[in-house]
Amino acid sequence: MILRELRPAFSLVVLFTLLIGLILPGIFTGAMQAVLPWQANGSLIRQNGQAIGSVLIGQNFTGAQYFVPRPSVLSPNPYTQDTSGASNLGPTSKVLLTSVRQRVAAYLKAYGPGPVPADAVTASGSGLDPDISSENALRQAPAVAAARHLPAATVIALVNHLARHRALGGIIGTNHVNVLRLNLALDHLPPQ
Amino acid sequence: MTIHGLLYIALLFALVLGTAFPLGRYIAAIFEGHVAWLRPLERGFYRLAGVNEARQMGWQSYAIALLLLSVIHFGLLYAILRLQYYLPFNPLHITGMSPRLAFNTAASFTTNTNWQAYVPEQQISNGAQMLGLCVHMFLSAAAGIAVAAAVMRAFTGSGLKSLGNFYTDLTRITLYLLIPGALIAATLLVLAGAPQTFAQGMPLHTLQSGVQPLAIGPVAFQEAIKEFGTNGGGFFNANSAHPFENPNAWTNLLETWLLLVIGFALPIAFGHMVKDKAQGRALMAAMAIILALGCVGAYAAEAAGNPLHIAAGVQASGNWEGKEVRFGIPASTTFNVAATGTSTGAVDSATDSYTPLGGVIPMFLMQLGEVTPGGVGSGFYTIIVFALLSVFVAGLMVGRTPEYLGKKVQAKEIKLAMLGVLILTFFILAGACFSLVTPSGVASLANGGPQGLSEMLYGWTSATENNGSAFAGLSGDTPLLDYGLGAAMLFGRFAFMVPVLAIAGSLAAKPKLSESTGTFPTTGPLFTFLLIGVIIILGGLQFMPADTLGPIAEHFLLYAGKSF
């Protein structure tokens with residue numbers, strides 16, 4: 001009874017492995033490389049011929065000159081580009097609570113008294129979150145402007161220009177801004 | 001909670017249920033052999049594989065064919081994972097998996113679970129993902145749907161000796177449903193930014209972090225079937241939270257739709273097969289009501305945020321730990337709830353970091369037996385088991401032999417149904433209990449207090465119910481969990497599937513009685529709510545003590561200001 005099924009079962013595994021494992025991905029990859037090459041290769045931004053990052057993947061920024069992304073728990077460095085993951089710390093975790101308290105204190109020190117947006121002091125799901133909430137960006141804007149000797153209004157206008165908004169009557173998505181795009185745009189502002 | 005968040009959930013349900021009706025009709029046509037637009041390719045497969053299309057299989061032959069194909073495919077994946085170093089498409093020269101991790105992973109993908117005890121970026125090559133995992137994502141999904149087709153056929157006539165032909169079912173479902181759906185979805189994903197390349201990631205000259213390699217690969221194709229076939233195995237460690245797997249809020253909506261739609265279309269297909277559409281709608285309604293309650297509940301819990309963090313000075317805008325900014329709270333929680341209600345096991349946010357009540361809902365949906373709407377195929381045949389138990393309960397109340405679609409449900413079917421339900425419960429509770437009293441199991445936990453218990457309970461629930469999602473702090477690659485959860489996945493899949501096929505075979509052979517005034521109707525709201533009650537009481541109640549010790553206890557401790 002089992003012997004009778006051996007040939008069809010084995011053959012179908014082999015045939016589908018060839019079709020789904022090799023032929024289809026081959027054709028599909030070729031088609032996507034031809035039609036949508038920028039997206040298919042990781043949505044890379046280039047400067048002077050060098051890839052400096054993917055629009056979709058966050059990078060780490062520190063210092064007052066730049067907008068700072070969300071905390072990332074990746075190792076060896078935050079935003080290590082070939083890893084991904086979350087803290088996986090639970091709601092009652094002491095380790096998480098201590099980190100959140102430290103981040104809140106640092107945020108208030110850097111950007112002055114006021115509300116602390118939740119995305120600024122919590123780690124993302126991927127550790128590579130490319131965005132911060134618009135609220136968070138606008139809170140950071142005056143300090144970034146001061147460090148660059150720019151009028152605050154210029155930097156705020158830049159944040160508002162690059163911000164993405166909720167779509168479909170506010171049902172889909174969030175108001176946010178891409179940190180890499182924002183910081184690149186800052187670097188390209190004409191000097192005052 | 002905001003009205004916008006609730007409207008998002010409403011929009012998703014409208015899209016899924018609206019499209020499930022035409023898709024269900026199409027799936028029924030595939031089952032009946034009326035779809036043939038790739039006929040030359042289909043016929044070529046049969047010729048090469050020596051499949052006799054006209055052959056009709058009884059339940060034993062159907063089960064043997066399915067098990068044998070699964071064993072062969074399991075062996076092939078095990079070999080690929082062990083030997084990946086020598087296989088093509090391995091630009092990073094990743095070495096072979098250890099025997100225990102390869103066993104766990106092969107069991108995981110053969111059973112449509114997609115539990116991932118490995119770190120994809122470091123432990124699996126692009127070639128092994130393509131040739132191994134991705135093929136399993138199609139065939140394990142198709143095998144589940146094939147069993148659903150077999151079960152449906154049992155109710156279509158009197159004295160049936162056959163449940164169909166496993167090989168033609170598998171081939172047709174793959175060619176006419178899964179491959180076209182995955183290709184369309186994958187194209188949309190690439191359009192939004194999901195990569196699809198065989199090249200190695202090029203080094204990035206980052207602005208402040210030096211030169212770094214970027215992890216990349218043929219992501220979009222695998223991502224599409226990962227959701228459409230309710231698989232869940234991420235190309236990357238962060239799964240659908242990774243921006244390359246899920247680039248924006250629109251792809252997040254698309255992926256949530258993909259992972260739900262076949263599950264909801266199958267009861268509709270059933271209605272077409274048995275020529276009584278109301279039967280399918282009653283099952284679909286029970287699935288949708290439980291899932292909708294779960295979506296709203298998890299959203300409410302996460303939108304309320306973490307009181308400890310709010311007290312520490314964080315703005316009260318929901319629990320953002322482990323969530324991505326571009327999706328927002330309602331779309332994140334809805335994705336995770338939908339993925340646990342369907343045995344997909346994908347996540348777009350870290351369930352381990354959810355609030356206790358936000359985390360217990362995904363776990364409870366799995367414990368119910370994965371019927372809301374469950375994995376592709378498996379959700380359908382599991383809810384049929386619950387439907388049989390429902391008419392049995394109703395029959396006990398009125399003292400009449402229960403019938404389901406004119407088939408008498410007798411002791412043999414009920415024994416087999418209860419056997420299936422109890423096997424799942426046993427593996428979850430005994431496995432979690434045993435692991436929590438062994439030093440090796442305790443060492444795998446990442447969090448203290450009740451959250452630690454939740455991590456282990458969630459792991460065994462996820463494996464046994466073939467979901468694959470995790471409270472991901474749990475370190476899964478240990479001998480205990482690799483072998484233990486691997487066995488749980490295999491039993492959870494096949495020790496349930498075979499009794500179900502036996503039930504189908506037994507019912508198929510019985511005469512189909514015509515309806516009389518004494519027949520308990522299995523359509524309409526009364527039956528739907530009876531079914532929901534049976535699912536929650538028979539499926540869920542035995543887990544209440546364990547869930548109370550984990551997430552429920554943690555909820556009260558959280559609000560009492562305790563941390564661990």
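# A predicted two-chain model

With 8 C-beta neighbours inside 10 Å, B:Lys275 counts as exposed, because 12 or fewer is the cut-off for that class. This is a predicted model. B:Lys275 sits in the loop between H9 and H10 of chain B. Its C-alpha atom lies 32 Å from that of B:Thr113, and 162 residues part the two in sequence.

B:Ser158 has 12 other C-beta atoms within 10 Å, so B:Ser158 is exposed. Beyond its neighbours within four places in sequence, B:Ser158 is in contact with B:Pro511 and B:Lys512. B:Leu204 is 46 residues from B:Ser158 along the chain, yet their C-alpha atoms are separated by 66 Å.

Now take chain B as a whole. It holds 20 helices and four strands. Of its 564 residues, 63% count as buried. Consider the contacts in chain B with a separation of 6 or more: 78% of them come from residues 24 or more positions apart.

Helix H1 of chain B covers residues 3-31. Its 29 residues reach 41 Å from first C-alpha to last, close to the expected 42 Å. The buried residues of H1(B) include B:Tyr8, B:Ile9, B:Leu12, B:Val16 and B:Ala20. Further along, B:Leu23, B:Gly24, B:Ile27, B:Ala28 and B:Phe31 are also among them. An α-helix has 3.6 residues a turn, so residues three or four places apart point the same way. The cover over the buried residues of H1(B) includes helices H6, H7, H9, H10 and H12 of chain B. Just after H1(B), B:Gly33 takes a positive phi of about 80°.

Helix H14 of chain B, residues 378-398, can be checked in the same manner. At 1.5 Å a residue, its 21 residues should span 30 Å; the end C-alpha atoms are 31 Å apart, which agrees. H14(B) is mostly covered, with 15 of its 21 residues buried. B:Gly399 follows H14(B), and its phi is positive, near 70°.

Some backbone geometry deserves a look. Most residues other than glycine have a negative phi, and most peptide bonds are trans. B:Asn112 has a positive phi, near 65°, and is not a glycine. B:Asn112 lies in the loop between helix H4 and helix H5 of chain B. B:Asn112 has 31 C-beta neighbours inside 10 Å, so B:Asn112 counts as buried. B:Thr230 is not a glycine either, and its phi is positive at about 45°. B:Thr230 is found between helix H8 and H9 of chain B, in the loop. With 37 other C-beta atoms within 10 Å, B:Thr230 is buried.

Cis peptide bonds come next. One joins B:Thr372 and B:Pro373, with omega about 0°. B:Pro373 lies in the loop between helix H13 and H14 of chain B. Another joins A:Ser75 and A:Pro76, with omega about 5°. A:Pro76 is in the loop between strand E2 and helix H3 of chain A.

From the N terminus, its elements run α-α-β-β-α-α-β-α-α-β-α. The radius of gyration of chain A is 23 Å, well over the 16 Å that the globule rule gives for 192 residues, so chain A is more spread out than a compact globule. Its C-alpha atoms fill a box of roughly 80 × 45 × 40 Å along the principal axes. The domain assignment gives domain 1 (2-39) and domain 2 (43-187). Their centres, taken over C-alpha atoms, are separated by 40 Å. Buried residues make up 49% of chain A. Among its contacts between residues at least 6 apart in sequence, 53% join residues at least 24 apart.

Finally, the two chains meet. The contact takes 99 residues from chain B and 86 residues from chain A. On the side of chain B that touches chain A, H7(B) gives the most, with nine residues. By class, that side has 58 nonpolar, 32 polar and nine charged residues.

Note on methods
Residues numbered from 1 in each chain as written. Chains lettered and ligands numbered in written order. Predicted model: local features only at pLDDT ≥ 70, side-chain atom pairs only at ≥ 80, totals over all residues. Helix = DSSP H or I, 4+ residues; strand = E, 2+ residues; numbered from the N terminus. Expected span 1.5 Å × (residues − 1). Buried ≥ 20, exposed ≤ 12 C-beta atoms within 10 Å, placed from the backbone. Contact = placed C-beta atoms within 7 Å. Nonpolar A, V, L, I, M, F, W, Y, C, P; charged D, E, K, R; others polar. Domains from an automatic or database assignment. Rg over C-alpha atoms; globule rule 2.2 N^0.38 Å.
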